[in-house]
Amino acid sequence: MNVTGRQAMLIRILLILLGLFHAANGLFMVLAPSRWYLAVPGVVHTGPANLHFIPDIGFAFLLSGLGLLLGARNGSHAGAYALAGAAFPFAHALFHIWGWGMHGFPQGTAFIVSETIGVVGVSFLGMALAWLRAREGGA
């Protein structure tokens with residue numbers, strides 16, 4: 001697949017934005033797990049806050065963000081970094097989709113937006129961008 005210079009730049013910009021999004025979310029989870037738990041729509045409906053587990057997941061998001069940011073750089077390994085950075089959010093989104101099948105689609109506008117855009121949409125976009133970055137060779 002041939003990517004034009006403009007498309008490559010757009011892919012890199014979007015990887016940076018997604019990388020910053022995941023890194024910021026991860027930092028929020030690590031530094032203020034109680035506040036994160038209350039701030040993200042629908043999370044309180046998943047059960048009580050686990051103030052050990054939330055930062056654990058936060059570190060996964062933080063490292064995912066770093067991988068996506070490294071994937072936006074020049075270099076022969078950029079695509080591999082991008083794919084590594086996209087892997088956890090993508091798997092996380094698949095788990096949410098599986099949960100919809102098991103427990104029903106989320107209810108409430110804020111929760112629906114959080115799930116469909118904030119979890120699934122963002123992660124699928126990240127995986128698509130990472131795949132495109134890997135296909136272009138990271139140049």
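Student: Which helix supplies the largest share of the lining of the largest pocket?

Tutor: A helix here is a DSSP run of H or I with at least four residues, numbered from the N terminus. A pocket is an open set of points on a 1 Å grid over the protein atoms alone, where a 1.4 Å probe fits and protein lies on both sides within 12 Å along at least five of seven lines; lining residues have an atom within 4 Å of a point. In this structure the largest share, eight residues, comes from helix 4. The model is predicted: local features need pLDDT of at least 70 and side-chain atom pairs pLDDT 80 or more, while totals for chains, interfaces and linings use all residues. Residues are numbered from 1 along each chain as its sequence is written, and side-chain values use heavy atoms, without hydrogens and water.

Student: What volume does the largest pocket have, and which residues are closest to its centre?

Tutor: Volume is the space filled by probe spheres set on the grid points, which are joined across faces, edges and corners. The largest pocket has about 1,000 Å³. It is lined by 37 residues, of which Val43, Thr46, His92, His96 and Glu115 are the closest to the centre. At least two lining residues come from each of helix 1 (5–31), helix 2 (33–39), helix 3 (53–71), helix 4 (78–103) and helix 5 (109–136).

Student: How should I read burial, and which residues of helix 1 are buried?

Tutor: Buried means under 20% relative accessible area, exposed over 50%, and partly exposed in between, with a 1.4 Å probe and protein chains only. In helix 1 the buried residues include Ile11, Leu15, Leu18, His22 and Asn25. Contact means heavy atoms within 4.5 Å. Among the elements covering these buried residues are helix 2, helix 3, helix 4 and helix 5.

Student: Is asparagine 25 buried or exposed?

Tutor: Asparagine 25 belongs to helix 1 and is buried because its relative accessible area is 18%. Leaving out residues up to four places away in sequence, asparagine 25 touches Trp36 and Phe61.

Student: And is threonine 109 buried or exposed?

Tutor: Threonine 109, in helix 5, counts as exposed because its relative accessibility is 64%.
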